Amino acid sequence: MSTSETITYKIGKCPCGKGSVVKTVVSQDNPWSSADVSNHIECSRCCSEWDLNHSGDRLTLRSSTIPSQKASKTRMEATHDLDTYIRDLTAKYFEGQNFKTKKAEHEYLIQLGIATGSYRTYLQDRKRSPMHRVGYPRKNEAFVNQLVATYGDKIQYQTLLTAVADADTAYLAASAKIVRHDVKP
Ligand SMILES: [Zn+2]
């Protein structure tokens, strides 16, 4: 039968100062099990308002992360819209090309700098997706500009680019406002 020993000790004060952040170490009385270490906030108020990180040295005010989560979602949506727009133009361009083999497709994408993987990976990707969904057309800015000029709309493209840039700025600003509290003895 194995026994275990639990040691709990205070590693710092909670943000409101009335409670504390504690570390709990559970060690088994055998040489092969490692100790189980966990940290938590011992204060009902701070516990409902703050999140403690895994190592137990930093707290984050949960409500302060909401704007950055929203901004992150907006940024993902803006990036997705831009990506979809470019891939749709890429599809139009590829339709006009006459690739005889998958090998020719892959070589072309490598040449454009859109794809970087091996031919084997390309074949796997192509089983699931059409050619314009493989690789990253945005990697080749000159190619994208050419696509926009030929099949797209410069104003629409610029609007999508601006939306991504604005979303980036908003995300950075929101992230900078996240309230953190270092746990100190
Ligand atoms: Zn507290």
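**Close-up 1. Helices α2 and α6 cross at roughly 160 degrees.** In this predicted model, α2 spans residues 66–95 and α6 spans residues 154–176. Their axes come within 8 Å. Angles over 145 degrees count as roughly antiparallel, so α2 is roughly antiparallel to α6. The crossing is left-handed. Two packed helices are described by the angle between their axes and the distance between the axes.

**Close-up 2. Residues of α2 and α6 make the contact.** From α2 come Pro 67, Ser 68, Ala 71, Ser 72, Thr 74, Arg 75, Ala 78, Thr 79, Asp 81, Leu 82 and Tyr 85. From α6 come Tyr 157, Leu 160, Leu 161, Ala 163, Val 164, Ala 167, Asp 168, Ala 170, Tyr 171, Ala 174 and Ser 175. By type, the contact holds 14 nonpolar, five polar and three charged residues.

**Close-up 3. Strands β4, β5 and β6 form an open sheet.** The three strands lie in the order β4-β5-β6. Their pairing is antiparallel. At the edges stand β4 (50–52) and β6 (180–182). Each has a single partner strand, so one side of each is left without a neighbour in the sheet. From one strand to the next, the twist averages 25 degrees.

**Close-up 4. Strand β5 pairs with β6.** Strands of a sheet pair through backbone hydrogen bonds, either parallel or antiparallel. Here β5 (residues 58–61) and β6 pair in the antiparallel sense. Three bridges join the two strands. Look for Thr 60: opposite it, in β6, stands Arg 180.

Key: Residues are numbered from 1 along each chain as its sequence is written. This is a predicted model: local features need pLDDT of at least 70, side-chain atom pairs count only at pLDDT 80 or more; totals for chains, interfaces and linings use all residues. Axes are lines fitted to C-alpha atoms, for helices over the stretch in contact, and angles run from 0 to 180 degrees between N-to-C directions. Helices (H or I, at least four residues) and strands (E, at least two) are DSSP runs, numbered from the N terminus. Angles under 35 degrees count as roughly parallel, over 145 as roughly antiparallel, 65 to 115 as roughly perpendicular and the rest as oblique. A crossing is left-handed if the near helix is turned anticlockwise from the far one by less than a right angle, and right-handed if clockwise. Two residues are in contact if their C-beta atoms, placed from the backbone, lie within 7 Å. Ala, Val, Leu, Ile, Met, Phe, Trp, Tyr, Cys and Pro count as nonpolar, Asp, Glu, Lys and Arg as charged, and the others, Gly among them, as polar. Two strands pair if DSSP finds at least two bridges between them.
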